[in-house]
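Biologist: Could you put the model up on the screen and talk me through its interior?

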Amino acid sequence: MSEATITVLPGDGVGPEVSAQAVKALRAVEKRYGHTFTLHEGLVGLDAIAAEGSAISDATFETCAQSDAILFGAVGALPAAEHRTDGPRPEQALFRLRKEFGFFANLRPVRPAEALYEASSLKPECLKGADMVFVRELSAGLYYGHMETVPGKPSEIRQRGGRTEAVDTLLYTEEEIERVVRVAFDIAAGRRARVTSVDKANVLSSSVLWRQVVDRVAADHPGVTHEHMLVDACAMRLIRTPAEFDVIVTENLFGDILTDEASMLTGSIGMLPSASLGVRRTAGGRFGLYEPVHGSAPDIAGQDAANPVGAVLSAALLLRHSLGLEREAAAVEEAVEDVMRDGYRVPDLHDEGCTVVGTEEFGRLIVHRLEARP
């Protein structure tokens, strides 16, 4: 895709600051490689609630629907003085986007930069060669047991027989499992051709079905090897031998936990990008929402102290998965590594002997490396 339309939703807290650096990277790619990106910006979160009465307006949602991809910043909780249980809340913007656009596969690549090995809590020798992608099912499972999609199977705290009890329902259909597993195998085919499927099949019926579907999908990908692994064993191996993994596919709850664990391999959660892919196809891939995995961090907003790497690398994922621009995506990722290799850091990754710069300057350095690429 040499022409594309992208909706930018900066959001709250540090969201606008880091999104601005991602947009600069996209503009640098546009200029360097001769593309045309039409960018539309909209309000989400606190600013949208204040100006439009909802976390995301119908007009902004329609702008997203007409785009090839969404670049998202962050949304945060209401200030303590405005905390309430009724009325619009900032996070409802993400919930609506995920639900109505059918974002079912969350991708989170984890590749510790060699220049940042010392920032991780693991020994450098454990990190060498670590380069993995998590594919997390995002639209079903335990988190959705309370919804109308699970009739008669509630998620609630209730009274029964004179005692209080709680129940949650974990439901997966074959179709929900198969579509996310196929995404994982397709990604693995373009990497090192290894898929690790993570479940708890020794306890959960949903995991038994998960394994059956994985084996069926694997038969359609003879060039990709696969293995099944229990989630507790995976949690251990992520810390012990992370370089063994290529593509990890798992259900919603396990993916939520394991990806946060894996973020520590990079030294800071501010380093990690993510992509949420939907069912709609674009000319270059899938329609998706791209965002750094960190939150809105209101305590450092406006201080030029936020780490923009997660947002910039999210823009790289956008180029790769929605626009089909692999060369350009790799150029952004290499530019980020070049800046870190040259000894520049943002405050959350301060290393002795390195030069600490702010959000804006780190973004400028990335753009400079992009512009200078052969």
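Predicted model: local features only at pLDDT ≥ 70, side-chain atom pairs only at ≥ 80, totals over all residues.

Biologist: Start with the packing, then. Which residues touch the most other members of the largest nonpolar core?

Modeller: Those are Phe37, Leu71, Val135, Val181, Leu319 and Leu370, in a core that counts 73 residues. Helix H10 gives the most to this core, with nine residues.

Biologist: What is leucine 71 in contact with, leaving aside its neighbours within four places in sequence?

Modeller: Leucine 71 is in contact with Ile6, Thr7, Val8 and Leu9, with Ala22, Val23 and Leu26, and also with Tyr290, Ala315 and Leu318.

Biologist: What lines the largest cavity?

Modeller: Its lining consists of Leu170, Tyr172, Val198, Asp199, Leu204, Ser206, Ser207, Trp210, Glu251 and Phe254. By class, that lining has six nonpolar, two polar and two charged residues. Strand S8 (194-199) and helix H7 (205-218) each supply at least two of the lining residues, and H7 gives the most, with three.

Biologist: How about the second largest pocket, how much space lies in it?

Modeller: About 810 Å³ of space lies in the second largest pocket. The lining is made by 35 residues, and Val133, Leu317, Arg320, His321 and Glu333 are the ones that lie nearest the centre of the pocket.

Biologist: Which helices and strands each supply at least two residues of that lining?

Modeller: On the strand side there are S4 (105-110), S5 (132-137) and S11 (273-281), and on the helix side H6 (174-189), H10 (309-321) and H11 (326-341). The largest share of the lining comes from H11, which supplies seven residues.

Biologist: And how do the lining residues of that pocket divide by class?

Modeller: They divide into 19 nonpolar, five polar and eleven charged residues.

Biologist: I'd like to look at leucine 107 next. Where is it found?

Modeller: Leucine 107 is found in strand S4, and because its relative accessibility is 2%, it counts as buried. Not counting residues up to four places away in sequence, leucine 107 touches Phe134, Val135, Val183, Ile187, Pro273, Ser274, Ala275, Leu277 and His321. Between leucine 107 and tyrosine 290 the C-alpha to C-alpha distance is 9.4 Å, although the two are 183 residues apart in sequence.

Biologist: And serine 263, is that one buried or exposed?

Modeller: Serine 263 counts as buried, because its relative accessibility is 1%. Serine 263 lies in helix H9 (residues 252-263) and touches Ser268, Ile269 and Leu272, not counting residues up to four places away in sequence. Serine 263 and serine 120 are 143 residues apart in sequence, while their C-alpha atoms are 9.4 Å apart in space.

Biologist: Last topic, the backbone. What is phi of alanine 297?

Modeller: Phi of alanine 297 is near 40 degrees, which is a positive value in a residue other than glycine. Alanine 297 is found in the loop between strand S12 (286-292) and H10, and it counts as partly exposed, with a relative accessibility of 25%.

Biologist: What about aspartate 304, where does that one lie?

Modeller: Aspartate 304 lies in the loop between S12 and H10, and it has a positive phi of about 55 degrees although it is not a glycine. At 34% relative accessibility, aspartate 304 counts as partly exposed.

Definitions and conventions. Residues numbered from 1 in each chain as written. Heavy atoms only, no water. 1 Å grid on protein atoms, 1.4 Å probe; cavity = no way out; pocket = protein on both sides within 12 Å on 5 of 7 lines; lining within 4 Å. Points joined across faces, edges and corners; volume = space filled by probe spheres on them. Helix = DSSP H or I, 4+ residues; strand = E, 2+ residues; numbered from the N terminus. Nonpolar A, V, L, I, M, F, W, Y, C, P; charged D, E, K, R; others polar. Core = buried A, V, L, I, M, F, W, Y, C linked by side-chain atoms within 4.5 Å. Buried < 20%, exposed > 50% of the residue type's maximum accessible area, 1.4 Å probe, protein only. Contact = heavy atoms within 4.5 Å.
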